[in-house]
Structures are given as structure tokens and as C-alpha cells.
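Have the viewer open as you read.

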Amino acid sequence: MISLDRLKKYQSAVIDRFETDKLPMKLIEMGCIPGNEITLLHQAPFKGPIYLKVDQSYLAIYKETAKNIIVRLIS
């Protein structure tokens with residue numbers, strides 16, 4: 001298991017758990033919940049956001065937020 005910020009471009013994983021209680025509600029509303037599949041589509045340079053596909057939704061989140069989402073890689 002790794003944190004979401006460590007995924008490589010086009011790599012997919014399943015959300016396992018959150019490391020914080022302060023996850024933005026927007027992520028949960030967009031389907032970012034344990035058990036859902038997530039794919040990294042694009043990563044902005046430096047400390048910019050990452051662009052993800054979560055089930056049938058697309059969203060961008062900061063890497064600092066992604067560090068609190070633990071995922072299991074899909075092989």
C-alpha cells in the first residue's frame with residue numbers, strides 16, 4: 001500500500017483508507033471513498049495538483065491532500 005501522491009501517470013489503484021479526519025467533503029461527494037478505483041491521469045510540475053479519475057468522475061487535488069489517501073495498486 002502507498003499514498004495516492006506516489007502513483008505514477010496512468011497507474012490505477014483502489015482506495016483503502018484515509019490517514020486523516022480532515023479530508024475535504026468535496027472528495028467524498030465525488031466518490032473518493034474506500035473501495036473505489038482511482039487512476040492518476042496527469043501530474044502538474046513542482047507542487048501543483050494531480051488530476052484523477054475516480055470511478056466516473058474527474059477531479060484535481062493537491063499533493064498534500066493526496067498524501068492522506070492510502071491506496072492498493074491494481075496489478
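A salt bridge here is a side-chain nitrogen of Lys or Arg within 4 Å of a carboxyl oxygen of Asp or Glu. Keep in mind that this is a predicted model, where local features need pLDDT of at least 70, side-chain atom pairs count only at pLDDT 80 or more, and totals for chains, interfaces and linings use all residues. Residues are numbered from 1 along each chain as its sequence is written, and side-chain values use heavy atoms, with hydrogens and water left out.

The structure holds four salt bridges. Take Arg17: its salt bridge with Glu19 has its closest N and O atoms 3.0 Å apart. Arg17 also meets the side chain of Asp16 in a salt bridge, at 3.1 Å from N to O. Asp16 in turn pairs with Arg72, with 3.4 Å between the closest N and O atoms. That last pair ties together distant parts of the chain, since Asp16 sits in strand S2 (residues 12-18) and Arg72 in strand S6 (residues 69-73), 56 residues apart. Strands and helices are DSSP runs numbered from the N terminus (strands are E, at least two residues; helices are H or I, at least four). Put together, Asp16, Arg17, Glu19 and Arg72 are linked in a network of salt bridges.

How open is that network to the outside? Buried means under 20% relative accessible area, exposed over 50%, and partly exposed in between, using a 1.4 Å probe and protein chains only. Asp16 has 24%, so it counts as partly exposed. Arg17 is partly exposed at 37%, Arg72 at 40% and Glu19 at 47%.

Now for the inside. A nonpolar core is a set of buried Ala, Val, Leu, Ile, Met, Phe, Trp, Tyr and Cys residues joined through side-chain atoms within 4.5 Å. The largest one here has 18 residues, and those with the most contacts inside it are Leu4, Ile38, Leu52, Ile61, Ile69 and Val71. S2, strand S3 (37-43), strand S4 (50-54), strand S5 (57-61) and S6 each give two or more residues to this core. S4 supplies the largest share, three residues. Zoom in on Ile61: leaving out residues up to four places away in sequence, it touches Leu4, Leu27, Pro49, Ile50, Leu52, Ala66 and Ile69, where contact means heavy atoms within 4.5 Å.

Over at Ser3, in strand S1 (residues 2-3), the relative accessibility is 14%, so this residue counts as buried. Apart from neighbours within four places in sequence, Ser3 is in contact with Ala66, Lys67, Ile69, Ile70 and Val71.

Ile28 is found in helix H1 (residues 25-29) and is partly exposed at 36%.

Last stop, the loops. Most residues other than glycine have a negative phi. Tyr10, in the loop between S1 and S2, has a positive phi near 70° and is exposed at 57%. Phe46, in the loop between S3 and S4, has a positive phi of about 60° and is exposed at 77%.
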